[in-house]
Amino acid sequence: KYLIVYYLCLSGLALLGMILRTNVTSRKNDAIFLVCAFLLLGSLSAFRYSVGTDYSFVYAPSFEEVLADPVGFGFSDSRFEPGFILLEKVIAYFFQNYQMLFIVTGYLSIGLFMFCYWKYSSDVVLSVLLFLLLSEFYCTMNFMRQSLAGVIALFALHFIKKRKFLPFLIFIILAAMFHKSAILLIPIFFLCMIPFNWITLAGYVIVTVVLYFTKKGNCLFFSK
């Protein structure tokens, strides 16, 4: 049944994109498409129940702990990063149901992705379809903190092109407040400053091989 929902979303958004492109592509049509995609995908993510790897065993119990003592629950009482804990505490202060955690994070992550496509994508329809086809939408429901960190980090890429390290670093630190793995993106800024040649290509190959053979430890780090 989940595949049926997935294929309906994919085909529906593809059809909408085709309809909006019967006329000349415009920013107005892009906005209409992104708002529709946000409402559809955001609502599916927000109002899901027991969908996602960590739904019932990690995030729902964690929110219940915060809910039991929203003020006293400290940042050292959880393995989660401080940004996510703060988000939990704010939600728990206003709402008494753990479903609100998924509603807020669902709309927030999808909204940030759609805004990123609006701001930086030259083809928003293709970007949203790839968002579905490459399983990024799936990841937002299975790796909540990682997805929030990832979409925040996307906004930092703009500053690599501008060669502005400080705003790039600010976005990466903000992303790391939701998942610590975002810190690993800091070297990318400096790597992009190195001219591409055979020496750098060899270096990238070596790093890739090392990462491949240490993937077990890396996966443990990324998934925590």
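Which residues line the largest cavity? In this predicted model, the lining of the largest cavity is made up of Ser45, Arg48, Thr105, Gly106, Ser109, Thr140, Met144 and Leu148. Two elements, helix H5 (99-120) and helix H8 (144-154), each give two or more residues to this lining. Helix H5 gives the most, with 3 residues. By class, the lining comprises 5 polar, 2 nonpolar and 1 charged residues. The volume of the largest cavity is about 40 Å³, and the structure holds 1 cavity of 30 Å³ or more.

The fold that surrounds this space may be described next. The chain contains 13 helices and 0 strands, and its pattern along the sequence is accordingly written α-α-α-α-α-α-α-α-α-α-α-α-α. Of its 224 residues, 38% count as buried. Among contacts between residues at least 6 apart in sequence, 67% join residues that are at least 24 apart. The accessible surface of the chain amounts to about 13,100 Å², and 74% of this surface belongs to carbon and sulfur atoms.

The confidence of the prediction was also examined. The mean pLDDT of the chain is 87, and 90% of the residues score at least 70. Among the elements, the highest mean pLDDT (95) is found for helix H10 (residues 165-176), whereas the lowest (60) is found for helix H13 (residues 215-223).

Rolling a probe the size of a water molecule over the atoms shows where empty space is left. The largest pocket has a volume of about 510 Å³. It is lined by 18 residues, of which Tyr2, Tyr6, Val51, Phe137 and Met141 are the closest to its centre. At least two lining residues are supplied by each of helix H1 (2-20), helix H6 (124-133) and helix H7 (136-142). The largest share, 5 residues, comes from helix H1. In this lining, 12 residues are nonpolar, 4 are polar and 2 are charged.

The second largest pocket has a volume of about 190 Å³. Its lining consists of Cys116, Tyr117, Tyr120, Ser121, Leu154, Leu157, His158 and Lys161. Helix H5 and helix H9 (157-161) are the elements that give two or more residues to this lining. The residues divide into 5 nonpolar, 2 polar and 1 charged.

Conventions. Residues are numbered from 1 along each chain as its sequence is written. This is a predicted model: local features need pLDDT of at least 70, side-chain atom pairs count only at pLDDT 80 or more; totals for chains, interfaces and linings use all residues. Side-chain values use heavy atoms; hydrogens and water are left out. On a 1 Å grid over the protein atoms alone, a cavity is a set of points where a 1.4 Å probe fits but cannot get out, and a pocket is an open set with protein on both sides within 12 Å along at least five of seven lines; lining residues have an atom within 4 Å of a point. Grid points are joined across faces, edges and corners, and a volume is the space filled by probe spheres set on the points. Helices (H or I, at least four residues) and strands (E, at least two) are DSSP runs, numbered from the N terminus. Ala, Val, Leu, Ile, Met, Phe, Trp, Tyr, Cys and Pro count as nonpolar, Asp, Glu, Lys and Arg as charged, and the others, Gly among them, as polar. Buried means under 20% relative accessible area, exposed over 50%, partly exposed in between (1.4 Å probe, protein chains only). Contact means heavy atoms within 4.5 Å. Accessible areas come from the Shrake-Rupley method with a 1.4 Å probe; for residues, only the protein chains shown count as cover. pLDDT is the predictor's confidence in each residue, from 0 to 100.
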